[in-house]
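Please read them beside the structure shown here.

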Amino acid sequence: MASASLLKSSPVLDKSEFVKGAQTLRIPSLATIRCHPTTAPSALIVKASAYADELIKTAKTVASPGRGILAMDESNATCGKRLASIGLENTEANRQAYRTLLVSAPGLGQYISGAILFEETLYQSTTDGRKMVDVLVEQKIVPGIKVDKGLVPLAGSNDESWCQGLDGLASRTAAYYQQGARFAKWRTVVSIPNGPSALAVKEAAWGLARYAAICQDNGLAPIVEPEILLDGDHGIDRTFEVAQKVWAEVFYYMAENNVLFEGILLKPSMVTPGAECKEKATPQQVAEYTLKLLHRRIPPAVPGIMFLSGGQSEVEATLNLNAMNQSPNPWHVSFSYARALQNTCLKTWGGRPENVKAAQDTLLLRAKSNSLAQLGKYTGEGESEEAKKGMFVKGYVY
C-alpha cells in the first residue's frame, strides 16, 4: 500500500534552482524533489541536476527530425592515422585544416544537429581565425566534447578493457561547459569473443553511469556509449543476447546514480552478426533485432538513439538506419557516425586546398543520405563504390 500511495503523491519542486540557457556563474549543483507518501515515515529524495531544463533542451535539439551527429572527436593519434592514409603528416596545422573543412561545410546544420569534438578542437580556431565552436553554433550545430581518457586493460578479466577518465571529470566538464560544449561523449567497449565477462560488463555500466551523473551535474548532456565490438564470428542472436545484458546493467546503474533519462542520449551499436560471421544480415534483419532490443531495454523517456557505425561501410550504415525508421519509434532513431560520414570526404580532399569544396560536397551528400535515413526515406540510389566499401578493422584501436 505504501508504494500505491507514493505513486499518488505530488512532488514539490523548487523551480527557482533550475537554470535555463547559458550561464556564467556556478550555482548549486543539485535540486531536490521531495515526495511525501501518506503512509511512509520518511521522505523519498530524488536528485536531479540543477541544469535539468537545459539538459533536456540540449538532448531534444540534438535529437531533432532529419538530423544526427557528426563524430569528429578522433584523438590526435587516431586523426594521425586518418591523415596518414592520404599521405599527410600528423601536425596540428593539418588537423586544423581538416577540421576546418568539416565544420565550415556550407549548410551542414541542415543535416547535422551535433558535433563531437576532441579537446584540441574545442579550443581551436579555424584556418581563418574563427573559433571552431562559434562556427558550429552559427550552423545551428550543438558542440559536444569527448571526455573519456581511453581504454586500458581490465585487471582480472579475460583480456578485456575498461575506460578511464572519471578522476578530474567534474572540473574538466565544468571547463568544457564554459568553453561552449553542451553535451559529452564517453566510449567504453564490450568484446563478445572475450566473454564478455560479468566483470567487464559491470565495469562498463558503472563507469558510464558515473560519467553521466557527473556530466549532468556540470551542464553537459551525456552520450552513453557501450560499444559492442564487431570483432568475432558469432551470429546475430549472440549479439542480441549480449546487448540485452549490457543495456540492462547500464540502465540499472544509471538509475542508481540518479541520472535524468530525459537529459541523455544513447550511442549503441546496431545488432549485427560479428564481422567474421559467414551469415550476413540484411538491413531488415538488423532493424528487427535492433528495434526489439530497444523496446526491451530503453525507456521511452530517452530522447535520442544515435547509432554508431562501428566499421560498417558508409552505405551499409545508412541502409540499416533507414530500415529502422520505416515505422514510428518512441525515440528519435538517428546516427552518430565518424568514418561512415568522413571516409569518402577525407579521400576526396587528399590534403589539397583545391579539393576542399569537392570534399565538403561529399560530406554533405553523406550527411543528407543519413538525414533521409533518419526520416525513413533513403533509397541508396547513386552511391559510389567507395561508399560501399566496408571499414571494419580487426582489433581496431582508437
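1. Glycine 68 stands opposite isoleucine 112 in strand S5. This pair belongs to the parallel pairing of strand S4 (residues 68-72) with S5, which extends over five bridges; two strands are taken to pair if DSSP finds at least two bridges between them. Helices (H or I, at least four residues) and strands (E, at least two) are DSSP runs, numbered from the N terminus.

2. The model is a predicted one: local features need pLDDT of at least 70, side-chain atom pairs count only at pLDDT 80 or more, and totals for chains, interfaces and linings use all residues. Residues are numbered from 1 along each chain as its sequence is written, and side-chain values use heavy atoms, with hydrogens and water left out.

3. On its other pairing, S5 (residues 112-117) is joined by four bridges to strand S6 (residues 142-146), and the two run parallel. In this pair, alanine 115 stands opposite proline 143 in S6. S5 is mostly covered, six of its six residues being buried (buried means under 20% relative accessible area, exposed over 50%, partly exposed in between, with a 1.4 Å probe and protein chains only).

4. These strands belong to a closed barrel of eight strands, in the order S4-S5-S6-S9-S10-S11-S12-S13, with parallel pairing. Further along that order, strand S12 (residues 304-307) and strand S13 (residues 332-337) run parallel and are joined by four bridges. Methionine 306 stands opposite serine 334 in S13.

5. Helix H9 lies across strand S9 (183-190), S10 and strand S11 (265-266), and runs at about 150 degrees to S10; axes are lines fitted to C-alpha atoms, for helices over the stretch in contact, and angles run from 0 to 180 degrees between N-to-C directions. In helix H3 (residues 76-84), the buried residues are Thr78, Cys79, Gly80, Arg82 and Leu83. Their cover includes helix H4 (92-103) and helix H12 (339-349).

6. How many cavities of 30 Å³ or more does a search of the whole structure find? There are two. On a 1 Å grid over the protein atoms alone, a cavity is a set of points where a 1.4 Å probe fits but cannot get out, and lining residues have an atom within 4 Å of a point. The largest cavity has a volume of about 100 Å³. Of the 15 residues that line it, Ile228, Leu230, Ser269, Met270 and Thr272 are the closest to its centre.

7. The second largest cavity has a volume of about 40 Å³. Its lining consists of Pro226, Ile228, Thr239, Ala243, Trp247, Ser269, Met270, Val271 and Leu293. Strand S10 (221-228) and helix H9 (236-256) are the elements that give two or more residues to this lining, and H9 supplies the largest share, three residues.

8. Alanine 317 is placed in helix H11 (residues 314-324). Is this residue buried or exposed? Alanine 317 counts as buried because its relative accessibility is 0%. Apart from neighbours within four places in sequence, alanine 317 is in contact (heavy atoms within 4.5 Å) with Met270, Ser309, Gln312, Tyr337 and Ala340. Its C-alpha atom is separated by 9.0 Å from that of phenylalanine 307, ten residues apart along the chain.

Terms used. 1 Å grid on protein atoms, 1.4 Å probe; cavity = no way out; pocket = protein on both sides within 12 Å on 5 of 7 lines; lining within 4 Å. Points joined across faces, edges and corners; volume = space filled by probe spheres on them.
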